[in-house]
Amino acid sequence: MIHVTFLFRLVEETFTIDEVTEMLDGLQTVVHSEVESELINTAYTNVLLLRQLFSQAEKWYLKLQTDISELENRELLEQVAEFEKAEFTSSNKKPSSELIKPKLAPLNEGGSELLNKEITRLQEENEKLKTRLKTIETQATSALDEKSKLEKSLKDLQMIQGDQKTNITQDISELEDTVSALRCQFEKTLNDSTANQKFLEENLVTTKHDLLKVQDQLSTAEKELEKKFQQTAAYRNMKEILTKKNEQIKDLRRRLSRYEPDD
């Protein structure tokens, strides 16, 4: 709206050039401000309208598509201007037939059926999710129970291992004592065996010396005995008899050789 001050000044009959220029400049400023305010208000109104449309579309799960290039279509813009004149002026001019579009009708049975199907699908999916959640909860509970059992088994096993470790330590200690005792006994037996072996070796050497001495004595005795036997009359008579017998045998062999035929 034009400012009231300019209306009062236009009542005067005569104006100077400076006054006219001042009034026109003021009028230009006022018109510019009013037009800018109306454009900003229109832009905000359009934003609120689009926000409502988008909210309703989001509520009903609608997918909207826009064509930005249509905003610069001069023909469509002129049709919008004609529509504005037809709707908001008192003229009798009718809008073009292209602007007579059927208005959006409320949701019919088909839309309700689609919405009901979507609601049913969502409910079924919700039930499936609930069932899956119960299954997961059951599995989680079973897993927790199994974990508790395993932890208890692990503790029992650790206790048993601790007892076994103690028993094994005792057994190892006893075994080490036994091995140590056997080692001492073996070393003692080995020392005794070494001493006995040394004693036996010494006895063997002594026995060998005694045997050699006895053998030497026996040889000497045999020689003396033979020498003494050769000096006896019986030995001399036996030797003479043997000599005679040998001579007789040789004579018999010569005689026999005369009667044997030549080969």
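**Close-up 1. Lys152 and Asp156 meet in a salt bridge.** The side-chain contact between Lys152 and Asp156 spans 3.4 Å, N to O. This is a predicted model. Both residues sit in helix α4, four residues apart, so about one helical turn separates Lys152 from Asp156. Lys152 has a relative accessible area of 54%; because exposed means over 50%, Lys152 counts as exposed. Asp156 reaches 33% relative accessibility, which makes Asp156 partly exposed.

**Close-up 2. Glu125 pairs with Arg121 in helix α4.** A salt bridge joins the two side chains, at 3.3 Å from N to O. Helix α4 covers residues 109–230. Within helix α4, Glu125 and Arg121 lie four residues apart, about one turn of the helix. How accessible is Glu125, in relative terms? The value for Glu125 is 38%, so Glu125 counts as partly exposed. Arg121 is partly exposed too. Its relative accessible area is 41%.

Close-up 3. Asp251 has 26% relative accessibility. Buried means under 20%, so Asp251 counts as partly exposed instead.

**Close-up 4. A salt-bridge network takes in Asp251.** Which residues are linked in this network? They are Asp251, Arg254 and Arg255. Across the whole structure, a search finds four salt bridges.

**Close-up 5. Four acidic residues form a negative surface patch.** The patch consists of Asp171, Glu174, Glu176 and Asp177. Asp171 is located in helix α4. Is Asp171 buried, partly exposed or exposed? Asp171 has a relative accessible area of 45%, so Asp171 is partly exposed. Patch residues need over 30% relative accessible area, so the 45% of Asp171 passes that cut-off.

Terms used. Residues are numbered from 1 along each chain as its sequence is written. This is a predicted model: local features need pLDDT of at least 70, side-chain atom pairs count only at pLDDT 80 or more; totals for chains, interfaces and linings use all residues. Side-chain values use heavy atoms; hydrogens and water are left out. Helices (H or I, at least four residues) and strands (E, at least two) are DSSP runs, numbered from the N terminus. Buried means under 20% relative accessible area, exposed over 50%, partly exposed in between (1.4 Å probe, protein chains only). Patches are made of residues with over 30% relative accessible area and no salt bridge: like charges are joined within 9 Å, nonpolar side chains (Val, Leu, Ile, Met, Phe, Trp, Tyr) within 5 Å. Accessible areas come from the Shrake-Rupley method with a 1.4 Å probe; for residues, only the protein chains shown count as cover. The place of a charge is taken as NZ of Lys, CZ of Arg, CG of Asp or CD of Glu.
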